[in-house]
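Subject: Structure for you to look at

Hello,

Here is the structure I promised to pass on. Please open it alongside this note; my findings follow below.

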Amino acid sequence: MLSVLPALSALHVNVTDTNAHVVPAPSTPKALTASIMENVPVDIWQGIFTESVLLENPIQFNEMFGEIWGRPTLGSTGISSHVFVQQPAVISQVCRTWRHIAFGMPEIWSILFIKPRVPAGRETASPPHIIDRLEKLIKFRLSLANPMPLKIYIDARESVQDAKSLIAAILPFSQRWKTIHLNVPSESLSQLLRLTSEDVPMLQSFKFYERVYQMRPWDATQMHDFDLFHIQKIAPSLRRVCTPLQLPANLPSYSTLQELHLQQSPSESQEIYRILSLCMNLQTLSLTGYATTQGVLGETITLPLLTTLNMEHPIGRERLLRAIRTPSLRTLRLLGRGGVHAKSLLLELKNLMMRSDVSSLESLHILYETHNLTDVAIAEFLACNAELKELKIDDTWMFLNTSMITAGLLRDMTLSDVEVGEEVHLDAHDSDGSASCDEERGGRPAGGFMSRPSTSSKAHGTSGSLIPELKRLSLIGCCHFSNQELVTLVHSRMGGRHSLESIYLSLAQTTAPELDQVVREARSRGIEAELLTVRGSYFLVI
């Protein structure tokens, strides 16, 4: 923060008419710093403080702002307490001037993540003085945010008592709630029963998450003598809901919901089908966990506004896909454990697009941990999405699966009608300047427990110019291709109207110097380019 002060030293010059009068410099660096700070206009400090807060991006906020809203963050709970965003508190403690300015900026205090100090593995409540301190801190910080809408995330999963105390601390500010995420035991939701619709007029996003392992769909409503869905029933502006619970037959918010995330494993397809039939304004649907199905789902449901479909661990989702139409579908994300159902799911997704008259997706993410997909299956699906703008495939878990990213897939994505330019010749090392994935793994066939597939453009049955409209490409954890094939692909996508805007490659093999040349050429064409090395693998960001 103080690094900006030398650049502001010009403010130490007073100009009157056409003559400049230089104020004598203070005798010490500390006095100079204080003098400069006193002359900086308040709006300059406000701009600096705002930018400083925006730069803080703790992983805990991924649940609020991540690609798939509502996904739990990774990592253990740890032993220290956390209060984010921390930057406003740091700024306000530098000096009296900064404190006065920061306390007058409610926008930098409007986001709060809080987690009590509970040693890992302990299920008892935190010491009373810790909770008392956190309650006072919550109330003080949220009072500074008045009148801004509030985004609050409480992680108190280890203790019902801690969760109840922290929820009680935010209740006085409920009229300014906009986003509330609670990673807490379900018993603590009883604190919300005192609220009415007048108390939560601004609440748009409500997430409750509780990790529960069970062998059948979980109906927590049978475990408690209070209404677990009280908030969902009373909030007039609710647009986003995330829950691990089996939803009730009808909620007033169903008709106005824009985003729904069900974190249930297993979940009953019949129940989800019934709920979707009531959510005609739904724009984003996220399903986490495998599915079971009892009985016939019924007639096809049309979700006219659904643009984004996210499926995590989507085992058994085929029957649900057969029962819906999504004419506005543009974004699809598949992740987690797909198992032997991954290929059949991809087939059902193609059928869904045909049934819905969707000519092409715009964004596709395939981030499976386990699957039975091959590069041929990926290429066939891409051939059905000629207008795709964004593609992200993660092959990090290829040691458990057949690789999805291969030389054949790269050749299929290389645009044949774009001049590649002078061919780059590589030094002989595995014929292309890189150690093959097989060689780096000590001769064991890449792909781990499954055999490495034979790939080629002819085998794929494509024209060699898949997804010509692609703008953003991410291929992660890949190694089943040569450096020459990678360079050729990038060159073919760097010119004319088909030029990529960004490409991210994570290579699990030795790379050739020619990749540096690709980065330099991309920069010369006005494309942002960076080459990173992480744990011996190269990451190419263009």
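Residues 24 or more positions apart make up 76% of the contacts in the protein with a separation of 6 or more. Please keep in mind that this is a predicted model. The protein has 542 residues, and 51% of them count as buried. It contains 17 helices and 22 strands.

Strand β9

Start with β9, residues 259-263. Of its 5 residues, 5 are buried, so the strand is largely enclosed by the rest of the structure. In a regular strand, side chains alternate between the two faces of the sheet. Both faces of β9 are covered. Glu259, His261 and Gln263 lie on one side, Leu260 and Leu262 on the other, and all are buried.

Which strands pair with β9? One is β8, residues 240-243, which runs parallel to β9 and is joined to it by 4 bridges. Within this pairing, Cys242 has His261 of β9 as its bridge partner. Another is β11, residues 284-288, also in the parallel sense, over 5 bridges. Here Leu260 stands opposite Leu285 of β11.

Strand β19

Next, look at β19, residues 472-478. This strand is mostly covered, with 6 of its 7 residues buried. It pairs with β18, residues 390-394, in the parallel sense over 5 bridges. Leu391 has Leu473 of β19 as its bridge partner. β19 also pairs with β20, residues 502-507, again in the parallel sense and over 5 bridges. There, the bridge partner of Ser474 is Tyr504 in β20.

Helices α6 and α7

Now the helices. How do α6 and α7 pack? Helix α6 spans residues 128-144 and helix α7 spans residues 160-170. Their axes are 9 Å apart, at an angle of about 25°. Angles under 35 degrees count as roughly parallel, so α6 is roughly parallel to α7. The crossing is right-handed.

The residues in contact are as follows:

- From α6: Ile131, Leu134, Glu135, Ile138, Lys139 and Leu142.
- From α7: Asp162, Ser165, Leu166, Ala169 and Ile170.

By type, the residues of this contact divide into 7 nonpolar, 1 polar and 3 charged.

Best wishes

Key: Residues are numbered from 1 along each chain as its sequence is written. This is a predicted model: local features need pLDDT of at least 70, side-chain atom pairs count only at pLDDT 80 or more; totals for chains, interfaces and linings use all residues. Side-chain values use heavy atoms; hydrogens and water are left out. Buried means under 20% relative accessible area, exposed over 50%, partly exposed in between (1.4 Å probe, protein chains only). Helices (H or I, at least four residues) and strands (E, at least two) are DSSP runs, numbered from the N terminus. Two strands pair if DSSP finds at least two bridges between them. Axes are lines fitted to C-alpha atoms, for helices over the stretch in contact, and angles run from 0 to 180 degrees between N-to-C directions. Angles under 35 degrees count as roughly parallel, over 145 as roughly antiparallel, 65 to 115 as roughly perpendicular and the rest as oblique. A crossing is left-handed if the near helix is turned anticlockwise from the far one by less than a right angle, and right-handed if clockwise. Contact means heavy atoms within 4.5 Å. Ala, Val, Leu, Ile, Met, Phe, Trp, Tyr, Cys and Pro count as nonpolar, Asp, Glu, Lys and Arg as charged, and the others, Gly among them, as polar.
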